[in-house]
Amino acid sequence: MASRGTVKAHGGFNANDDAEVLFKAMKGLGTDEDAILQLLIARSNAQRQEIKAAFKTLHGNDLVDNLKSELGGKFESLIVALMTPPIMYDVTCLRDAIKGAGTDEKGLIEILASRLPNEVNEIKSLYKREHNDDLEEDVTGDTGGHFGRMLVVLLQALLAAGEQKYGTDEGQFITILGNRSNAHLRRVFEEYRKLSGYEIEESIQRETSGTLQEVLLAVVKCARSVPGYFAESLYNSMKGAGTDDQNLIRIMVSRSEVDMMDIRTEFRKRFATSLHKTIQGDTSGDYRKALQLLCGGDDA
């Protein structure tokens, strides 16, 4: 499947040359942030990993550590995110969401509801390898009984997929997300509408509340359209006073090589303005420049 991302592998790629450009950008007094962001965003994640290896060989230092010591704030967070392999980035975000002060439910929900089943399974095994903890146990331990149990029951109701039977202990819900099929879910929603006369979203909004409602709506929205779900999430990160930078960075980075083109199209369709313009109005400096490059263009 052709990627619908805005970030592509660079044609004339040379890891050593790139490592030298980055080294020079950080050498001596002051840092050339522009050189750093222009280079890294014009490379795929796989190429950034090669640059990291070349940098270590040539200079004996860890590129990411060097970047951290030279950069700061949101721009630093964005660049470090770009330097992290995709599944590892998801694992890091999930770990932070669970182990940080309070649970970042939005982060948990977004990653688990939107990733493909094989990605959910890769995330689970890498999480185990990195942290020696079980992701399911950590999530359910952290999100509390009622939320966890109701989540499983409702997801099972949505997912009574032929022969797939799940026990209703709350440790099952990531397993369920890892086994879902969006095409199947869309048929379930259609049947639901025929039987009840309501869209499934309406019933979820009526029957549930809080985090549980957020998760269920996320699963439904992703089944209907993953780019649509992210367009909405990006819009919500930037609308009103203040910006949810954590969310903004996570989506812009993790979708840049996947479906950013489609997210932009959905954003334009739903909000009568472009993602590029919204970023322009809500951010500033190198951070803004980097986000706009990840966005890749203005759909005026």
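Which residue forms a salt bridge with R95, and how many Å apart are the closest N and O atoms?

## R95 and D133

The partner is D133, and the closest N and O atoms are 3.0 Å apart. This comes from a predicted model.

R95 has a relative accessible area of 18% and is buried, because buried means under 20%. D133 reaches 24% and counts as partly exposed.

## D245 and K74

D245 and K74 also meet through their side chains, in a salt bridge of 3.8 Å, N to O. D245 belongs to helix α16 (residues 245-254) and K74 to helix α5 (residues 73-82), so this pair joins parts that are 171 residues apart in sequence.

The accessibilities are 17% for D245, which counts as buried, and 42% for K74, which counts as partly exposed.

## K52 and D62

A salt bridge links the side chains of K52 and D62 at 3.9 Å, N to O. K52 is in helix α3 (residues 45-59) and D62 is in the loop between α3 and α4 (63-70), so the pair ties together parts 10 residues apart in sequence.

K52 is partly exposed, at 28% relative accessibility. D62 is partly exposed too, at 24%.

## Network and total

Salt bridges also link E190, R193, E199, E201 and R224 in a network. The salt-bridge count for the model comes to 22.

Terms used:
Residues are numbered from 1 along each chain as its sequence is written. This is a predicted model: local features need pLDDT of at least 70, side-chain atom pairs count only at pLDDT 80 or more; totals for chains, interfaces and linings use all residues. Side-chain values use heavy atoms; hydrogens and water are left out. A salt bridge is a side-chain nitrogen of Lys or Arg within 4 Å of a carboxyl oxygen of Asp or Glu. Helices (H or I, at least four residues) and strands (E, at least two) are DSSP runs, numbered from the N terminus. Buried means under 20% relative accessible area, exposed over 50%, partly exposed in between (1.4 Å probe, protein chains only).
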